[in-house]
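Thank you all for making time this morning. I would like to walk you through one structure, and I will ask you to keep it in view while I talk.

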Amino acid sequence: MMESMPVNWEALDSLVVDFADCERLFFLDDSSSPPTSPPISPSSSSSPSSTPIPSSSSSSSYRSRLVIRQIRRSIEAGDVDAAIHQLRLHVPTVLDDRRILFWLQKQKFIELLRRGTERDRDLAIECLRVALAPCALDAYPEAYEEFKHLLLALIFNKEDQNSPVAHEWSERRRFDLAGLLSSILRAHLHAYDPIFSMTLRYLISIHKVFCCRQGVSSPISDLTERLLLEDRDPSAIPQESLYEAPPFDEVDIQALAHAVELTRQGAIDSLRFAKGDLYQAFQNELCRMKLDLSILDKLVQEYCVYRGIIDGVSNSPPGDCSSNIECTSSKLSDGETSVNNADAEGFPESYADAISIGESRFASEVINNHENCSVSDVNNQDTCYRRLRRSRNYSTGHRRRKRWRGRVEELEYSPCSSVPGLPKPEVMGWPPRSSEDTIQEEQDCKNLSFSESLKNVEDHKYEIILEMRELACKGMTAKVVEEINAIDPDFFIQNPNLLFQLKQVEFLALVHGGDLAEALKVACTHLGPLASQNQDLLKPLKETLLCLLKPSEDAFTKGTPWPILATSLQVAMGKKFGIEEPQLMRIVRATLHTHNEWFKFQMCKDRFEQLLKIDQLKDIDTPMSSNPAAKALLDDTANGSQITICSSSKMQEDGGSPQASSGENVCDENAILKVMEFLALPRADAIHLLMQYNGNADAVIQQIFS
């Protein structure tokens, strides 16, 4: 069931590219520039549409995230002085909070004692006198008692697990302090993670809760258990002045508590820290969840290769840094991520025989001039190689693909930064390509023989599939059918629904253009025979033929949208080529399904789905629900594959959070919230109890406590 969830993969493309841009995972080409839009502060409005997420794509947000990560690593390594230095350099105002300074000085004292030398012991005592004791006087009411307790570390050894200060000696304290400080800095700097990573956290956490509650096994547990870690950063503690904040709306408290698995008091504290802003509190809590970035980056890279967003490994010259990255189908197992090439020996014979046909299409210009490409003539080799790449990337008008760079997080310092205390964007992990890089790439290209540029079957498979998808996106369905039949005459025999959809689009295009005779020829030659072999296609065939009566009135609305056809074609061809779909698609499809089911179970609408663009991932096209052929195509491809859907209407039958339910019609919203608050129950349980007592909250509470 989870595998058949339709997803708007073009919306996911947008989120993934935004994530990679925000994290500087692509090389910055000459034609592009790093995002520079200023961060947007979230408002306190209750509407997610008026509460945009702070711009994760801004350069300042990226630099701030790098600063936070480096401070975190310093504390986790026990180098508190380095963390304090970075705080003073980048965000000195944070140290005005005496609580933070006290926590840091406590950890510094322990780290000095941990070293065990006489000199470090003297430095620890000096830290007590000069820094720690003064902070303990006014940090917070319990600080001085904590200070006196910490003095016991001078006489109890770190190896003594039964000592009263064993907790202070624990290295776990480093990670707790690093996580707490990261939470505070993230909110202080509005340095939230990109939307896509927050959306993944949210969907996976709901998926885990749903599977646990319903007692069902997760088909993606092998991925989610390693991608989203169980451990979370500590919650940021609101300052004492915020404890007297006005009472918050119980609706907001319960929404936050159940969205990110907090207690009611935890949700209240989170709202206090966010000064009552529900959506900022929600983002703070999401970013506390820990993702394994190395696994996430590999999933994103694999997805980008499959979708044609970036080039594959051997499409790049040896001097290209992206050529060092493996990028074919990825299989994650047992704590290790590996990227495996599809087995060329398992390539269908009909495809292998047709490779020369496909390549003649991609590189006809190169082959026609092959005689001029002498092995000894490196300049001609270079030209041939580049023309081959151009023919592949531009033969269908496809935009230039991005180049994968990977995660690089060196933090360099510049005395002439435009932002006080922060380096310029150019030195913060998004380096433009220098002339030396270009010269080196060109020199490496000269060492690449023409034959080597054609021999990799994996590249041929990806390029053929991506070109067919691009042609289908442009509506060139006749060309698609012709090319695929040349590659494999049996392909459409095995995929008749796909052929019907392609020929249907061709028919409608001819009708729309006024060529009725040619349209009828297509119907007689292809649509009729296909419908006679598959009864499910008779109804869409009849509806298609009705367009002959009104050829000028939106003929194209009767057919399947081009992007759906394009991605369905990619999926079907990928199966033939032995190319597995990316693991990220499995995750998104399964988690969107459980997101739907969870909010049906909760009998309410998700207040945060618009904020995280989950609603865009569920957008589907209305004709799909009324077109049996399109539905059949959806079922065929969504089972272990994908469908690209791009329109403005949302799926109501299987997708989208429900607007209302029978339980909510019986029970008053205030009664639901009252039972949830007093009994600490999930929304669904509260509604079910109220339905048993005719919606009377007092009767439910009295019965429980009687």
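This is a predicted model: local features need pLDDT of at least 70, side-chain atom pairs count only at pLDDT 80 or more; totals for chains, interfaces and linings use all residues.

Of the 28 residues that line the pocket, the closest to its centre are Arg69, Arg72, Lys290, Leu291 and Leu293. The elements that each supply at least two residues of the lining are α2 (59–76), α8 (172–189), α9 (195–214), α13 and α14 (293–306), together with the strands β1 (228–232) and β2 (289–291).

Let me turn to the aromatic residues, where a search of the whole structure finds ten pairs. In one of these, the rings of Phe102 and Tyr140 have their centres 5.7 Å apart and their planes at 80 degrees, and since planes over 60 degrees apart count as edge-to-face, that is how this pair is classed. Phe102 lies in helix α4, whereas Tyr140 lies in the loop between α5 (118–136) and α6 (143–150), so the pair ties together parts that are 38 residues apart in sequence. Both partners are buried, Phe102 with a relative accessible area of 0% and Tyr140 with one of 13%.

The rings of Phe282 and Phe608, for their part, have their centres 3.8 Å apart and their planes at 5 degrees, so that pair is stacked. Here Phe282 belongs to helix α13 (residues 278–288) and Phe608 to the loop between α27 (583–602) and α28 (614–617), so the parts tied together are 326 residues apart in sequence. Phe282 is buried at a relative accessible area of 0%, and Phe608 is buried too, at 1%. These two residues also form one aromatic cluster with Tyr202 and Tyr279.

The charged end of Arg24 sits over the ring of Tyr62, 4.3 Å from its centre, and the charged end of Arg403 sits over the ring of Phe27, 4.4 Å from its centre.

Going back to helix α4, which covers residues 98–115, I would also point out Gln107. Is Gln107 buried or exposed? Gln107 is buried, with a relative accessible area of 4%, and, leaving aside residues up to four places away in sequence, Gln107 touches Val80, Arg114, Arg173, Arg174 and Leu177.

Among the cysteines, Cys287 is buried, with a relative accessible area of 3%, whereas Cys524 is exposed, with a relative accessible area of 60%.

Technical notes. Residues are numbered from 1 along each chain as its sequence is written. Side-chain values use heavy atoms; hydrogens and water are left out. Helices (H or I, at least four residues) and strands (E, at least two) are DSSP runs, numbered from the N terminus. Buried means under 20% relative accessible area, exposed over 50%, partly exposed in between (1.4 Å probe, protein chains only). Contact means heavy atoms within 4.5 Å. Rings of Phe, Tyr and Trp (its six-membered ring) pair if their centres lie within 6.5 Å; planes under 30 degrees apart count as stacked, over 60 as edge-to-face and the rest as tilted. A charge sits over a ring if NZ of Lys or CZ of Arg is within 6 Å of the ring centre and within 35 degrees of the ring normal. On a 1 Å grid over the protein atoms alone, a cavity is a set of points where a 1.4 Å probe fits but cannot get out, and a pocket is an open set with protein on both sides within 12 Å along at least five of seven lines; lining residues have an atom within 4 Å of a point.
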